[in-house]
Amino acid sequence: MPFSAAFSLKPQHSLRNELQGCKNAAATCKLLTMPELPDIAAYISALEPRIVSQRIKRVRLASLFLLRTAQPPISDVEGRVVRELRRVGKRIAIGVEGDLWLVLHLMIAGRLHWKAPGAKLAGRRSLAAFDFSDGSLVLTEAGTKHRASLHVLSGEEGLRSIDPGGIEIFSSDLASFRNALTAENRTLKRALTDPRILSGIGNAYSDEILHAAQLSPITLTHKLKPNEWEKLFAATTDTIRLWVDRLRAEAGAAFPENVTAFRKDMTVHGRYGQPCPRCGEKIQRIRYADNETNYCARCQTGGKVLADRSLSRLLGSDWPRTLEELEALKRRDK
């Protein structure tokens, strides 16, 4: 079956419509990605001057499903002074007097907001508020699948119990980075986003890292050459540092409200169909479940178009293998 004919299996869809829809995906994409290391760092930077050394007057929960622990009780943190903030993977840990910790995992759609003292928890999106004298930290979550969570933990042992264990990129060197990613033979995309391997990196920033390193997302870790490991390590540290600094500067003295996985300054992530800033070729994608991997075929895969599960199973051998084949099929359908 030819490539264009295969699309006729989808009622009222031509190849042209499909490709046009894909071209517009970056602007209309509904895929979501949870806040990652740079976003969490920006939140912590904004929270430190607002709540460290301040007393938690009250904790208000609008959703009973948010709290995932029973002991210590949530009421134990009320009246205690915040001593420090930490990032644990993609979680925000708020340490208070008595060695207790409030640990927030925003998951995909959870977001934090700094509101006036005693701000109301209005609407289904509002899940909790942590009240201080100068303001209220409000947790919201979009959508109907409430995945955000709050744990109340005791001591360092409690914190370790929720730490996936991945290494911290800024406290590792090339050797420890390589050892962590080669413990199992995985694709670079999976290795970079596994919280048991690397802390705080997810779908969005892994795309940016791999584009900076000019490496394919499906390359296996055991196949990388020494010079490619050097490029990957440098790209990881440089990319994460760039976005940590950028998001902190973007928020400035204000509280970060525009936490999103899709940013106009990103090179490939969320930019399907748009030109690669390095070579000008159109950004490609692989879609699976609720995630999307974006890459440049010219810069990262030697011109090879990687199979997209949503189409390649249907098209089989008719799936275009190179950029040239893809462009030829586009012209044929015009």
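Let's start with strands E1 and E6. In this predicted model, E1 and E6, residues 126-131, run antiparallel and are joined by four bridges.

Now widen the view. E1 and E6 belong to an open sheet of four strands, ordered E1-E6-E7-E5, with antiparallel pairing. The edges are E1, residues 58-61, and E5, residues 110-115; each of these pairs on one side only. From one strand to the next, the twist averages 15°.

What lies across E5 and E7? Helix H4, residues 37-51. H4 runs at about 30° to E5. Strand E7 spans 136-141. Keep H4 in mind; we come back to this helix.

On to the other sheet. Here an open sheet of four strands has the order E2-E3-E4-E8, and again the pairing is antiparallel. E2, 82-88, and E8, 149-154, stand at the edges. Each has a single partner strand, so one side of each has no neighbour in the sheet. Neighbouring strands here are turned by 20° against each other on average, direction ignored.

Look at the E2 and E3 pairing. Strand E3 covers residues 91-96, and six bridges pair E3 with E2 in the antiparallel sense. Arg-87 stands opposite Ile-92 in E3. And here is H4 again: this helix packs on the sheet and touches E2 and E3. The direction of H4 makes about 175° with that of E2. So much for the sheets.

Next, the aromatics. How many aromatic pairs are there? The count comes to five. Take Tyr-43 with Phe-255: a tilted pair, 5.9 Å centre to centre, with 35° between the planes. This pair links distant parts of the chain. Tyr-43 sits in helix H4, while Phe-255 sits in the loop between H9 and strand E9, residues 284-288. They are 212 residues apart.

Trp-114 is in strand E5, and Phe-132 is in the loop between E6 and E7, 18 residues apart. Both Trp-114 and Phe-132 are buried.

There is also a cluster: ring pairs link Phe-177, Trp-229 and Phe-233.

Phe-177 takes us to helix H6, residues 174-181. Which residues of H6 are buried? Phe-177, Ala-180 and Leu-181. Why do they lie on the same side of H6? Because they cover an arc of only 90° around the axis. The buried residues of H6 pack against helix H7, 188-193, and helix H9, 226-251.

Last, the whole protein. The secondary structure comes to 12 helices and 10 strands. Of the 334 residues, 51% are buried. Among contacts with a separation of 6 or more, 63% are between residues 24 or more positions apart. The accessible surface is about 16000 Å², and carbon and sulfur atoms account for 49% of that surface.

Note on methods
Residues are numbered from 1 along each chain as its sequence is written. This is a predicted model: local features need pLDDT of at least 70, side-chain atom pairs count only at pLDDT 80 or more; totals for chains, interfaces and linings use all residues. Side-chain values use heavy atoms; hydrogens and water are left out. Helices (H or I, at least four residues) and strands (E, at least two) are DSSP runs, numbered from the N terminus. Buried means under 20% relative accessible area, exposed over 50%, partly exposed in between (1.4 Å probe, protein chains only). Contact means heavy atoms within 4.5 Å. Accessible areas come from the Shrake-Rupley method with a 1.4 Å probe; for residues, only the protein chains shown count as cover. Two strands pair if DSSP finds at least two bridges between them. Axes are lines fitted to C-alpha atoms, for helices over the stretch in contact, and angles run from 0 to 180 degrees between N-to-C directions. The arc is that of the directions from the helix axis to the C-beta atoms. Rings of Phe, Tyr and Trp (its six-membered ring) pair if their centres lie within 6.5 Å; planes under 30 degrees apart count as stacked, over 60 as edge-to-face and the rest as tilted.
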